Amino acid sequence: MPRVTLHGPFETKTVEVAEGTTLLEAAEAASAQVGHVCGGVCACSTCHVWVKQGLESLSEQADDEMDRLDQAFDVKASSRLACQAHVGKADVEVQVTQESLSAYMDENPHVRKALEAEGKWPPKRGV
Ligand code: FES
């Protein structure tokens, strides 16, 4: 089974998933800090990730995803919406964007408050 590794400023999580699993489903299985305000229906861009490895093995981008990514922050050639990208046979490695991490912290205030108490949130620039 392919492995999905998710890198964030506070943690790196890896999980094995079945082919066809979305990156967002993988993130949830790994308890990774990936936001998903719309619940995975391509109606926001808070699940935006940058794919560091395995981009070519993911499912093709549909027009809806491209349109939604047009409204995202800091879009790169490696950008995908985690809820729309399905894993193929190859391992995948992604970097969680600041946009997605901020959404995750809004959705999980107990995590944000704990990081604030440790002086780790908001993260320093370049983290
Ligand atoms: S969770 Fe909203 S577009 Fe992916």
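Which residues does L23 touch, not counting residues up to four places away in sequence? In this predicted model, in which local features need pLDDT of at least 70, side-chain atom pairs count only at pLDDT 80 or more, and totals for chains, interfaces and linings use all residues, L23 touches V4, V49, R80, A82, A85, V87, V92 and V94, a contact being defined by C-beta atoms, placed from the backbone, that lie within 7 Å. Residues are numbered from 1 along each chain as its sequence is written.

The protein contains 4 helices and 5 strands, taken as DSSP runs numbered from the N terminus (H or I of at least four residues for helices, E of at least two for strands). Read along the sequence, these elements follow the pattern β-β-α-β-α-β-β-α-α. The C-alpha trace spans about 40 × 30 × 25 Å along its principal axes. With 127 residues, a compact globule would have a radius of gyration near 14 Å, and the 14 Å of the protein agrees with that value; the radius is taken over C-alpha atoms, and the globule rule is 2.2 Å times the number of residues to the power 0.38. Of the contacts with a separation of 6 or more, 67% are accounted for by residues 24 or more positions apart. Of the 127 residues, 31% count as buried, where a buried residue has 20 or more other C-beta atoms within 10 Å of its own, an exposed one has 12 or fewer, and a partly exposed one falls in between, with C-beta atoms placed from the backbone.

The 5 strands form an open sheet of mixed pairing in the order 2-1-5-3-4, two strands being paired if DSSP finds at least two bridges between them. Strand 1 (residues 3-7) pairs with strand 2 (residues 12-16) in the antiparallel sense over 5 bridges, and a hairpin of 4 residues joins strand 1 to strand 2. Within this pair, R3 stands opposite E16, and L6 has K13 as its bridge partner.

Strand 5 (residues 92-96) pairs with strand 1 in the parallel sense over 4 bridges, with Q95 of strand 5 as the bridge partner of H7. Strand 5 is also joined by 4 bridges to strand 3 (residues 48-53), and these two strands run antiparallel, with Q53 standing opposite E93. The covered face of strand 5 consists of V92, V94 and V96, whereas E93 and Q95 make up the uncovered one.

In helix 3, the buried residues are S100, L101, A103, Y104 and M105, and what covers them includes strand 3, strand 5 and helix 4. Helix 4 (residues 109-117), by contrast, is hardly covered, the count of buried residues among its 9 residues being 0.

Several backbone features remain to be described. Most residues other than glycine have a negative phi, and most peptide bonds are trans. C42, which is not a glycine, has a positive phi of about 60° and is placed in the loop between helix 1 and strand 3; with 16 C-beta neighbours inside 10 Å, C42 counts as partly exposed. D74, also a residue other than glycine, has a positive phi near 55° and is placed in the loop between helix 2 (63-69) and strand 4, where D74 is exposed, with 10 other C-beta atoms within 10 Å. Just after helix 4, G119 takes a positive phi of about 75°. In the segment after helix 4 lies P122, which a cis peptide bond with an omega of about 0° joins to W121.

Definitions and conventions: Two residues are in contact if their C-beta atoms, placed from the backbone, lie within 7 Å.
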